[in-house]
Amino acid sequence: MKPHNYNNQYKNGGLIVPHSLVFREDHTFTIAQFTDLHWKDNGILDQTTRRLMEDILDAEQPDLVVFTGDVIYTGDVAPDDPICEDPLGALREAVHSVEIRGIPWAIVFGNHDTESIITREDLIHAVLEYPHTVAQRGPVEVSGEGNYRLSIQDAAGQSKFNLYFFDSGAYSPVPHIDGYDWIRSDQIEWYKKESLQIRDTSAERPLPALAFFHIPLPEYQEVWDSKTCYGHFYEASVCSSRVNSGLFAAMLEMGDIVGTFVGHDHINDYWGELHGIRLCYGRASGYNTYGKEGFQRGARMIRLREDERSFETWLRLADGTVITQQPEHIPGT
C-alpha cells in the first residue's frame, strides 16, 4: 500500500488539530467521495457496503475520503425493518474501513443522519474523536454543524486548493414549505468571508476550491435541463429544496469554487457545467437503501493537480469497473 502524503493528527490541550493535506510528489491529490451509506445495523447489507469501500480504497489509494451525508440511517422505517438503535456504533462501523487505513476523512451530514436518537451536535462531537478525521465543527454561531474549510498545500506548505464543507440540513423549517432544508444565509455569509480572506492572501485571485454538501442545489435541475451533462438522471426530479437561498450565486461572485459534489439522489450520478462551475453528483455507495436494478453502487473519484484550476473525475463501481466517460445528455434530444 502506497503511503499517504499527510502529517499525523494530534491533540493539543484537548482540541483536535487536523492533518495537513498535502499534494503528492507527482503534484496530484486524489479524493474519494462516498455518499449515502445509510449504515444502520452492521448486517448483511452494511457488510456489503464495507466490502465496496475496502475494494475502492485499496484500488484508488486516495489522499482524502469525503462522506457526503446520510452516512448513518436514523429515520423511521417499516415495522419489520427496525430503526438504528446505536447511531454512534453505526458511525464507528461506517468509517472503520477508512480509519483503519489511516486515511484522512471529512464529513457533511445529510437528512437521515440525525432524524432520531441523536442530534447533529452529538454526532459532530463523536466525529471529532476519531484520530484520522479532518472534519471540524465550524463556527457555532452559524446554522448547522460542520461548516468548515480545509486547505491542500504544496510541499513547501503553501496553500494551493481549498475545500468547503456545508451542512445542508434535513427538512424545511417553515411549516408551509414542504420538502428539504436549504443552506442558510448565515452559512453563505460565512463562506463569503472565508473566500474573501483567501482572496486577500492570494497573488491575483482566490485559490480554486471545491464544495461538498448533501442536498443538491436547485441549479442541479437547471444544468440538466439546459446544458450538456454526463451521466444518469433516474430520479423523478432533483430532490433539492424548494427554496433557492443563493449559494450558487455567491460561489459565482466569489470566483473560487470550480466544482460542487452532493449525494441525496441515489440514482443520479451526472455532472454538468453551469456558468463555469461543474455540478457533480456522487455515486451512491450504500446498500441499505433504495437503488435501481443494474445501477451499481460505487464512488466518485476526484483528482486535483497542483496549480490547476480544474479537476478530473471518474467513477469506480462495486465490481471494479472504472468509468471515465459517462454517457452524454444533450437537452431536447
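This is a predicted model: local features need pLDDT of at least 70, side-chain atom pairs count only at pLDDT 80 or more; totals for chains, interfaces and linings use all residues.
Local features were considered only where pLDDT is at least 70, and side-chain atom pairs only at pLDDT 80 or more, whereas totals for chains, interfaces and linings use all residues. Residues are numbered from 1 along each chain as its sequence is written, and side-chain values use heavy atoms, with hydrogens and water left out.

Helices (DSSP runs of H or I, at least four residues) and strands (runs of E, at least two) are numbered from the N terminus. Nine strands, arranged in the order S3-S7-S8-S9-S11-S13-S12-S10-S17, form an open sheet of mixed pairing, where two strands pair if DSSP finds at least two bridges between them. Strands S3 (21-22) and S17 (328-329) stand at the edges with a single partner strand each, so one side of each is left without a neighbour in the sheet. Within the sheet, strand S8 (residues 159-165) pairs with strand S9 (residues 209-212) in the parallel sense over four bridges, and Leu-163 has Leu-210 in S9 as its bridge partner.

The axes of helix H1 (residues 44-60) and helix H2 (residues 87-99), which are lines fitted to C-alpha atoms over the stretch in contact, come within 9 Å and cross at roughly 20 degrees, with angles running from 0 to 180 degrees between N-to-C directions. H1 is therefore roughly parallel to H2, a description that applies to angles under 35 degrees. The contact (heavy atoms within 4.5 Å) is made by Arg-50, Met-53, Glu-54 and Leu-57 of H1 together with Glu-93, Ala-94, His-96, Ser-97 and Val-98 of H2.

Notes
Angles under 35 degrees count as roughly parallel, over 145 as roughly antiparallel, 65 to 115 as roughly perpendicular and the rest as oblique.
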